Amino acid sequence: MSDVKLLVCGAFNEEERARFDANYPNVYAASPDDIAGVDADTRAGITAVVFKGHAPFGGAAMDPLENLGLIANFGVGYDAIDVDAANERGVKVTNTPDVLNDDVADLAVALMLTQTRNMIEGDNLTRSGRWAGGGSLPLNRKMTGGTVGICGLGRIGREIADRLAAFKMDIHYHSRSEKETPGWTYHADPKSLAEAVDWYVVALVGGKETEGYVSRDVINALGKNGVIINISRGTTIDEEAMLDALESGAIAGAGLDVFVNEPHLNERFYDLTNVVLQPHQGSGTHETRRAMAEVQLSNVTAFFNGDALVTPVN
Ligand code: NAP
């Protein structure tokens, strides 16, 4: 049987691939759909997969690996992996929590400032020469001191709230249970949160359980001063309802890093001037991606050594 125990699956960069090569002999599959195409002898020896990306990784991709014991995900969000299917097959799943909290929270704040200070239009005005020609940017809305609601006060939501406290914002949040906070206002449901705030920052987990959690009703409750920020997953918001609200002026705007069906966005987004769009780059710094890779590899090493997994999901 082949001595290859590790399958590398997804859009890893050269540095990340080199790290796997230096540690373990491995084979590569571009996506979960390509796993069945690896030769049968090699597949039989594979016990661990390192995975990066958002392509669905379901039971059909696990079955060709008859001795699979671990899928180590690159990223905290593992909604692409069918964990029920993994459980049925006795496969463990790991993720990379915490090390990316700061970067994603930074991006959430950047989206808020970029949206409210109209910085994309400001840049266009300046570099196009329209400013020099007498053009000016319309006045913006102040962010410091505003009211903000965090929908999902988990690891990243908490970091966002901590940053916004420094912006002297009145902080509200919704989670399934009340948390210990420095006096932030708890809301038992996502709609009551929307009614109370102008800024609505979504930091929920993705996956089936939270699909459309920020519903049409919630979006409309936000009102015409409302701005939605989403750094979680496109699925957590009813995207069609959000587009309707952005087009009609039922809400003021949005700052978005994640989308349903990304990277192929609903084309209605492209005509909107009240949105700031980013290419799912929340954790995208050298430092954080390296830290995520280390957590991922530490799970693989623990698995091969028979030690307890570092950041297990199931
Ligand atoms: P987390 O610590 O697990 O927190 C997630 C929040 O979701 C918690 O507040 C939790 O509520 C809530 N939640 C979980 N299941 C729920 C359910 N069934 N119904 C309602 N609420 C539920 O996750 P995290 O590490 O902060 O990550 C947050 C999100 O950011 C994830 O979607 C992740 O994929 C995404 N993310 C995006 C990027 C990016 O590049 N944009 C990078 C990293 C992560 P409770 O407080 O009640 O437990």
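Strand β4 (residues 70–73) runs parallel to β5, and three bridges join the two. Within this pair, Ala72 faces Thr94 of β5. Two strands count as paired if DSSP finds at least two bridges between them. Strands (E, at least two residues) and helices (H or I, at least four residues) are DSSP runs, numbered from the N terminus. The model is predicted: local features need pLDDT of at least 70 and side-chain atom pairs count only at pLDDT 80 or more, while totals for chains, interfaces and linings use all residues. Residues are numbered from 1 along each chain as its sequence is written, and side-chain values use heavy atoms, leaving out hydrogens and water.

β4 and β5 belong to an open sheet of five strands with the order β2-β1-β3-β4-β5 and parallel pairing. At its edges are β2 and β5 (92–94), each of which pairs on one side only. From one strand to the next the twist averages 20°; axes are lines fitted to C-alpha atoms, for helices over the stretch in contact, and angles run from 0 to 180 degrees between N-to-C directions.

Strand β1 (residues 6–10) and strand β2 (residues 26–29) are parallel and joined by four bridges. Leu6 stands opposite Asn26 in β2. Between β1 and β2 the chain passes through helix α1 (residues 14–23), giving a right-handed β-α-β crossover. Right-handed means that, with the strands pointing away from the viewer, the path from the first strand over the helix to the second runs clockwise.

## The seven-stranded sheet

Another open sheet has seven strands in the order β8-β7-β6-β9-β10-β11-β12, also with parallel pairing. Its edge strands, β8 (185–187) and β12 (275–277), each pair on one side only. Neighbouring strands here are turned by 20° against each other on average, direction ignored.

Five bridges connect strand β6 (residues 147–151) with strand β7 (residues 170–174) in the parallel sense. Cys151 has His174 in β7 as its bridge partner.

## Around the ligand

A polar side-chain atom of Ser175 is 2.8 Å from an oxygen atom of the ligand. For Arg176, a polar backbone atom lies 2.7 Å from a ligand oxygen atom. A nitrogen atom of the ligand is 2.9 Å from a backbone N or O atom of Ile231. The ligand taken alone exposes 930 Å², and the protein buries 88% of that; accessible areas come from the Shrake-Rupley method with a 1.4 Å probe, and for residues only the protein chains shown count as cover.

Most residues other than glycine have a negative phi, and most peptide bonds are trans. Asn118 is not a glycine, yet its phi is positive, at about 50°. Asn118 sits in the loop between α5 (101–116) and α6 (119–127).

The peptide bond from Glu262 to Pro263 is cis, with omega near 5°. Pro263 is in the loop between β11 (253–256) and β12.

Technical notes
A polar contact is a pair of N or O atoms within 3.5 Å; within protein, one must be able to donate a hydrogen and the other to accept it, and residues adjacent in sequence count only if both atoms are side-chain atoms.
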